[in-house]
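Have a look at the model first, then read on.

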Amino acid sequence: MRLIWPWQDRNRRFSWLKAGAFALILLPAIRFAYQFATGEYGILPIAYGGMTYWSGVWATAILLMALAVTPALTILRWPALVDVRRMIGVTALAYTLAHIVIYFGLRSWNFGFIVNEMATRLSMIVATLSTIGLIVLGATSLDAAIRRMGAKGWQRLHNTNYVISGLAVLHVVLARGTYPEQYMLAGIFFWLMVWRMLARYGLGADAKALMALTAASCVFAACLEAGMLWGRRGYEVSWTLGNNFSLASLDVGVPPAWQVLAAGLLFVLAAFGRDSFRIRSLRPEPRRIGL
Ligand code: HEM
């Protein structure tokens, strides 16, 4: 079996693209280790709470990054980007496994309690299903598995990654807390899934369609937040929605709907940039006027 390091391409040559992407997704783990070492999370029993939360947030964010590779390469017309997808997906699995180990620490390694919680709380049931799915996808991500399963069988199995990611996002939304990251991650997942529908109709790189999708995802995140805060905390829907337009709410952080808007706008700008670059390169050279 040939081992390919995260910074190597298929021919085991050094790849700047893969090395750069790997360094980027490793940053949260480095920051995490630093915060843990410097005691920023507090003493261990308290630290586990924050660590469970942030390891979960990064596992989900990196999972969504893997889903963002296809839109990015379609919009930028940069097929080489596909090389980083598998590496990002496997890293998301590593973050998820770390998240689970930290969770075991949070529950003091009491497996009686852990099994009971994982089998009775809906949020945990979907998390377990999603994790099993991620492990299966990770285990079959090697070239040897692709050869053994055949390209079609492998593709069919790996198409389940949308359901697996959906279950992970459902776990995030149903988790006990109510945090902005839940609605931001759900809004971005909405964008990534609806983008696949647009792509089926040949609109995957259409800047206007992407703008409409970004606006819809922003509204989706705002409504999800308002609905969840109403259902769980009893906050008025109009009050939560209004907070999206209040400067005072910036003291707590940028509202999730605006974060989704910013993420979507990156793709819109890329599509506009790509279109104008293409138009300029298609334009005939101005004829030289001889003197
Ligand atoms: C067996 C698998 C898993 C277990 C046991 C687990 C456990 C937990 C626990 C205990 C929390 C704290 C919040 C709560 O008590 O509801 C949590 C939060 C979180 N988990 Fe997981 N998790 C698992 C899988 C995953 C997966 C696959 C992802 C995403 C890839 C994920 C992402 C998150 C996120 C983002 C949070 C923070 C959400 C919040 O607390 O509001 N988890 N998880």
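Helices (H or I, at least four residues) and strands (E, at least two) are DSSP runs, numbered from the N terminus. On that basis, the protein chain runs α-α-α-α-α-α-α-α-α-α-α-α from the N terminus on, with 12 helices and 0 strands. This is a predicted model, where local features need pLDDT of at least 70, side-chain atom pairs count only at pLDDT 80 or more, and totals for chains, interfaces and linings use all residues. Residues are numbered from 1 along each chain as its sequence is written, and side-chain values use heavy atoms, with hydrogens and water left out.

**Overall box**
- Taken along the principal axes, the C-alpha atoms of the protein chain fill a box of roughly 85 × 55 × 40 Å.

**α1 against α2**
- The axes of helix α1 (residues 16–37) and α2 cross at roughly 175° and come within 10 Å; axes are lines fitted to C-alpha atoms, for helices over the stretch in contact, and angles run from 0 to 180 degrees between N-to-C directions.
- That angle makes α1 roughly antiparallel to α2 (under 35 degrees is roughly parallel, over 145 roughly antiparallel, 65 to 115 roughly perpendicular, the rest oblique).
- On the α1 side, the contact (heavy atoms within 4.5 Å) includes Phe-32 and Phe-36, and on the α2 side it includes Trp-54 and Trp-58.
- By class, this α1 with α2 contact has 10 nonpolar, 1 polar and no charged residues (Ala, Val, Leu, Ile, Met, Phe, Trp, Tyr, Cys and Pro count as nonpolar, Asp, Glu, Lys and Arg as charged, and the others, Gly among them, as polar).

**α5 against α8**
- Helix α5 (residues 122–139) packs on helix α8 (residues 161–174) at about 150°, axes 8 Å apart, so α5 is roughly antiparallel to α8.
- Among the contact residues are Gly-133 and Leu-137 of α5, plus Ile-164 and His-171 of α8.
- The contact of α5 with α8 splits into 12 nonpolar, 5 polar and no charged residues.

**Largest pocket**
- The largest pocket holds about 1,300 Å³ of space; a pocket is an open set of points on a 1 Å grid over the protein atoms alone, where a 1.4 Å probe fits, with protein on both sides within 12 Å along at least five of seven lines, and lining residues have an atom within 4 Å of a point.
- Of its 42 lining residues, Arg-85, Arg-86, Met-87, Val-90 and Ser-141 are the closest to its centre.
- Helix α3 gives the largest share of the lining, 8 residues.
- The lining has 21 nonpolar, 11 polar and 10 charged residues.

Methods
Points joined across faces, edges and corners; volume = space filled by probe spheres on them.
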